[in-house]
Amino acid sequence: MKTLWNWLPSVVDRRVRIAAWASLVSQVLIIGTGGAVRLTGSGLGCPTWPRCTEDSFVSTPEMGFHGLIEFGNRLLTFVLIIIAIAMFVFVLRIRKERPELFRMALGLGLGIPGQAVIGGVTVLTNLNPYVVGLHYLLSAVLVGVAAVLVYRVRRGPKRTGWGVAPPVRAMGGALVGVLGISVVMGILTTGSGPHAGDAGAARNGLDSWLLQHFHAWPSYIVLGLVVTLTALAWFAGVGSPGYRRAITGSLGVTGVQILVGLVQANYGLPVLAVGIHMVLAAVLVAFVVTALLAQREPVTAEAVGQSPLRGTVASSS
């Protein structure tokens with residue numbers, strides 16, 4: 001046991017970084033496979049839970065394509081569990097020096113069985129759209145946690161100061177809040193639409209046309225905030241280079257996301273566009289969370305005095 005303990009990382013090394021990135025990528029990936037289940041009508045490909053059938057934990061040839069898709073998505077959960085265990089084990093030895101990494105690794109680890117249980121309830125309730133929506137919402141939250149984990153692994157503990165001024169911080173906080181509203185409205189919109197995951201599954205009964213607008217409005221506010229913050233970062237020199245990269249990435253994903261949304265609205269919700277929209281929403285969450293965290297990255301003392309939108313020089317806590 002002592003040999004194993006000594007083998008574990010005593011600092012944030014390559015193993016910790018790889019496990020953190022694997023956590024983020026796998027959380028986004030399972031949203032893609034979950035979307036594939038829904039968009040191919042395979043939501044009840046395995047008609048029960050936790051078994052795939054009453055007599056088998058795996059799909060059978062008789063279940064065909066839908067059973068294979070649904071079982072494949074369930075199988076990916078075990079990959080996430082392995083990654084979560086690896087992440088947790090890799091930060092055990094540094095839990096006193098980096099308690100935030102330990103807490104996030106534990107949170108991600110607990111979130112995965114939580115997702116599995118919600119997935120089981122989804123099947124047992126015949127794909128109730130609200131339960132399906134909760135399934136996606138928790139996935140989006142776990143993507144955000146994984147993005148924080150990656151950032152802390154890369155950039156170190158939380159800093160006490162800020163690299164941007166209060167107005168920019170307020171816009172960053174508003175961006176996260178409005179993005180959350182947009183995600184929730186997107187979930188409700190999808191729950192009212194045709195992609196139920198199975199031909200016999202119920203919908204939430206809400207007005208799809210109206211919900212499309214309720215989803216679009218916060219999305220356009222997100223775009224406005226991201227454009228403003230990106231312009232400040234590039235043309236007013238606000239924030240650090242890391243912040244500039246994160247907010248620019250947010251702008252790129254937001255632009256593509258809105259274009260995909262317009263394709264959905266104007267071409268009858270093609271399944272490929274819906275699937276891309278779901279995955280991009282998760283990617284956008286990761287970028288926006290990273291941008292918010294990067295607002296604390298330090299700027300040079302010389303830069304602070306050049307713009308009223310720059311903050312104080314940050315220091316490590």
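In the lining counts below, Ala, Val, Leu, Ile, Met, Phe, Trp, Tyr, Cys and Pro count as nonpolar, Asp, Glu, Lys and Arg as charged, and the others, Gly among them, as polar. The views show a predicted model, in which local features need pLDDT of at least 70 and side-chain atom pairs count only at pLDDT 80 or more, while totals for chains, interfaces and linings use all residues. Residues are numbered from 1 along each chain as its sequence is written, and side-chain values use heavy atoms, with hydrogens and water left out.

**The second largest cavity is lined by residues that include S23, L80 and L108.**
A cavity is a set of points, on a 1 Å grid over the protein atoms alone, where a 1.4 Å probe fits but cannot get out, and its lining residues have an atom within 4 Å of a point. Grid points are joined across faces, edges and corners, and the volume is the space filled by probe spheres set on the points.

**The largest cavity has helix α5 as the element that gives the most to its lining.**
This cavity has a volume of about 50 Å³, and the residues around it are Y151, R152, R155, G156, P157, R159, L293, R296 and E297. Helix α5, which spans residues 129–155, contributes three residues to the lining. By residue type, the lining of the largest cavity consists of three nonpolar, one polar and five charged residues.

**F88 and F102 form a tilted aromatic pair.**
Rings of Phe, Tyr and Trp (its six-membered ring) pair if their centres lie within 6.5 Å, with planes under 30 degrees apart counted as stacked, over 60 as edge-to-face and the rest as tilted. Because F88 lies in helix α3 (residues 64–90) and F102 in helix α4 (residues 99–124), the pair ties together parts that are 14 residues apart in sequence. Relative accessible area (1.4 Å probe, protein chains only) classes a residue as buried under 20%, exposed over 50% and partly exposed in between. F88 is partly exposed, at 26%, and F102 is also partly exposed, with a relative accessibility of 22%.

**R15 lies over the face of W7, and its charged end sits over the ring of F90.**
A charge sits over a ring if NZ of Lys or CZ of Arg is within 6 Å of the ring centre and within 35 degrees of the ring normal. For R15, the distance to the ring centre is 4.9 Å at W7 and 6.0 Å at F90.

**C46 and C52 are joined by a disulfide, and W49 and P50 by a cis peptide bond.**
A disulfide is a pair of cysteine sulfur atoms within 2.5 Å, and by this rule the count comes to one. The sulfur atoms of C46 and C52 are 1.8 Å apart, and the link is left-handed, with -65° about the S-S bond. C46 is buried, at 0% relative accessible area, and C52 is likewise buried, at 0%. Omega of the cis bond between W49 and P50 is about 5°, and P50 is found in the loop between α2 and α3.

**N126 and L269 have positive phi values.**
N126 lies in the loop between α4 and α5, and its phi is near 60°, a positive value in a residue other than glycine. L269 lies in the loop between α8 (241–266) and α9, and its phi is about 55°, although L269 is not a glycine. N126 is partly exposed, with a relative accessible area of 35%, and L269 is partly exposed too, at 25%.

**V279 is found in helix α9.**
This helix covers residues 271–294, and V279 counts as partly exposed at 23% relative accessibility. V279 and V117 are 162 residues apart along the chain, and their C-alpha atoms are separated by 22 Å.

Methods. Helices (H or I, at least four residues) and strands (E, at least two) are DSSP runs, numbered from the N terminus. On a 1 Å grid over the protein atoms alone, a cavity is a set of points where a 1.4 Å probe fits but cannot get out, and a pocket is an open set with protein on both sides within 12 Å along at least five of seven lines; lining residues have an atom within 4 Å of a point.
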